[in-house]
Amino acid sequence: MVAAQGPEAIESASLDELRSVQFMRLKQAVSRAYENVPYYRAKFAAAEVHPSDLKQIDDITKFPFTTRADLNENYPFGLLAVPMDEIVRIHASSGTTGRPTVVAYTSKDVDTWSQLMARSIRAAGGRASDKIHVAYGYGLSTGGLGAHYGGEYLGAAVIPIGAGSIERQVQVINDFKPDIIMASPSYMLAIADEFHRQGLDARASSLRLGLFGEEPWTEGMRAQIEKRMGLDALDIYGLSEIMGPGVAQECIETKDGLTVWEDHFLPEIIDPESGAPLADGTAGELVLTTLTKQGMPLIRYRTRDLTRLLPGTARQMRRMERVKGRSDDMLIIRGVNIFPSQVEAALAHERNLAPHYMLELHRHGHLDELEVVVEARRKISGKLTAAQHNALEHRAEHFIKAFVGIASRVRVVDPGTIERSHGKAKRVIDLRTKSQDAPPS
């Protein structure tokens with residue numbers, strides 16, 4: 001076991017000590033899922049495996065994957081491992097069928113999450129004496145409250161502004177003088193634009209650190225944020241199904257990839273097509289097993305995020321490279337997970353629209369925007385006045401906002417406008433430029 005004492009002693013533990021803790025917790029997690037979740041018990045039986053088959057860490061590859069489809073099938077609370085009266089928090093994110101992906105936490109889970117977020121902020125260079133400006137969204141998504149509880153657990157002063165008005169973000173930064181900001185990287189660049197619009201020098205602000213997540217970003221975006229804001233920009237990784245933000249964190253000493261908190265999460269990399277395990281250093285799909293989650297443990301959850309595992313540097317725990325993309329068709333727009341099928345389901349509520357549509361991704365300034373191009377049904381084509389046509393588009397925008405949770409622009413076009421495919425329909429056109437990687441002149 002770990003020789004040092006205290007909740008963060010594991011960070012300085014030897015590799016052998018870390019693996020010992022990890023294996024002990026892995027056995028407990030697999031047994032907890034088997035004994036308390038009927039779905040897992042049936043899934044393990046179908047795969048002809050039992051918790052007693054776990055003789056070493058690598059034996060986890062004998063167990064079946066958990067996918068978003070499993071979460072959807074058990075919506076909303078079918079994967080709970082505790083009675084509902086032990087659940088103190090429920091979060092949700094977008095799912096593939098229009099149903100949200102629901103996750104639930106016991107009080108111990110919330111405490112663990114808070115500890116890990118505090119650990120992440122500290123690893124990024126944060127301290128109890130700091131003020132933290134939280135510009136992630138609050139609500140069913142995990143970003144805002146995860147950052148909030150972590151900052152408070154660290155002992156820092158949290159400013160819970162959320163993802164509100166850009167003008168107000170700048171005002172609060174200037175007035176409250178926070179040391180740290182937590183936001184999506186594209187939102188940070190929009191804040192930098194607002195500093196410039198107001199004629200203010202963003203580099204002269206009080207901010208010294210930024211922890212950025214919720215969406216994929218690049219080294220070019222990091223360089224641009226650091227140049228324009230005069231701070232250290234660090235990556236933070238998480239996903240609602242596993243916990244929320246704080247699954248992995250880039251460390252200020254090295255800034256060379258995200259340290260996975262392996263005492264709480266077991267990472268694997270698999271071939272996204274075959275599901276076969278891949279060696280460390282090989283690019284593939286990230287799979288995570290929760291080792292300490294009580295309310296809703298997940299065994300071998302396929303994240304669909306593409307990355308690779310690397311040896312530890314700032315910590316003994318392994319690093320994961322910045323996520324390069326997805327192995328499915330999920331989009332991340334302004335921190336919101338979106339599947340084309342969700343948009344399709346929302347559009348189906350408007351009877352005057354045909355089931356032929358295309359999603360166009362644009363970038364306005366530093367923020368992504370979604371435009372939905374959809375065909376009108378032939379029976380109304382050419383018969384609408386301009387006012388009726390505009391009203392139809394506005395109704396479709398309303399349905400997307402209500403059922404998908406993101407603002408969009410809908411453009412209704414004539415029947416036959418959208419190109420037909422003989423195979424899998426091409427639903428997404430990415431018209432965003434690569435200018436985000438180039439520093440402003």
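Trainee: Which residues line the second largest cavity?
Mentor: This is a predicted model. The lining of the second largest cavity consists of Leu71, Asn74, Tyr75, Pro76, Phe77, Gly78, Leu79, Pro100, Val102 and Met296.

Trainee: How does that lining divide by class?
Mentor: The second largest cavity has 8 nonpolar and 2 polar lining residues, and no charged ones.

Trainee: What volume does the second largest cavity have?
Mentor: About 50 Å³. The largest cavity comes to about 90 Å³.

Trainee: How many cavities are there in the whole structure?
Mentor: The search finds 2, counting those of 30 Å³ or more.

Trainee: And what lines the largest cavity?
Mentor: Tyr105, Asp109, Thr112, Trp113, Leu116, Ile242, Met243, His264, Phe265, Thr290, Thr292 and Lys293. By class, that lining holds 6 nonpolar, 4 polar and 2 charged residues.

Trainee: Which helix gives the most to that lining?
Mentor: Helix H4, residues 107-123, with 4 residues.

Trainee: Is H4 mostly covered or mostly uncovered?
Mentor: Mostly covered, as 12 of the 17 residues in H4 are buried.

Trainee: Why would residues three or four places apart point the same way?
Mentor: An α-helix has 3.6 residues a turn, so residues at that spacing point the same way.

Trainee: What span does H4 reach?
Mentor: From first C-alpha to last, H4 reaches 24 Å, close to the 24 Å expected at 1.5 Å a residue. After H4 comes Gly125, with a positive phi near 110°.

Trainee: Back to the lining. What does the charged end of Lys293 sit over?
Mentor: The ring of Tyr105, at 4.6 Å from the ring centre. Elsewhere, the charged end of Arg302 is over the ring of Phe65, 5.3 Å from the centre.

Trainee: Switching to ring pairs: how many aromatic pairs turn up?
Mentor: The whole structure has 6. Take Phe212 and Trp217: their ring centres are 5.8 Å apart and their planes lie at 85°, so this pair is edge-to-face.

Trainee: Are Phe212 and Trp217 buried or exposed?
Mentor: Phe212 is buried, at 0% relative accessibility. Trp217 is buried too, with a relative accessible area of 3%.

Trainee: Which residues form an aromatic cluster?
Mentor: Tyr34, Tyr40, Phe44 and Phe63 form one.

Key. Residues are numbered from 1 along each chain as its sequence is written. This is a predicted model: local features need pLDDT of at least 70, side-chain atom pairs count only at pLDDT 80 or more; totals for chains, interfaces and linings use all residues. Side-chain values use heavy atoms; hydrogens and water are left out. On a 1 Å grid over the protein atoms alone, a cavity is a set of points where a 1.4 Å probe fits but cannot get out, and a pocket is an open set with protein on both sides within 12 Å along at least five of seven lines; lining residues have an atom within 4 Å of a point. Grid points are joined across faces, edges and corners, and a volume is the space filled by probe spheres set on the points. Helices (H or I, at least four residues) and strands (E, at least two) are DSSP runs, numbered from the N terminus. Ala, Val, Leu, Ile, Met, Phe, Trp, Tyr, Cys and Pro count as nonpolar, Asp, Glu, Lys and Arg as charged, and the others, Gly among them, as polar. The expected span of a helix is 1.5 Å times one less than its number of residues. Buried means under 20% relative accessible area, exposed over 50%, partly exposed in between (1.4 Å probe, protein chains only). Rings of Phe, Tyr and Trp (its six-membered ring) pair if their centres lie within 6.5 Å; planes under 30 degrees apart count as stacked, over 60 as edge-to-face and the rest as tilted. A charge sits over a ring if NZ of Lys or CZ of Arg is within 6 Å of the ring centre and within 35 degrees of the ring normal.
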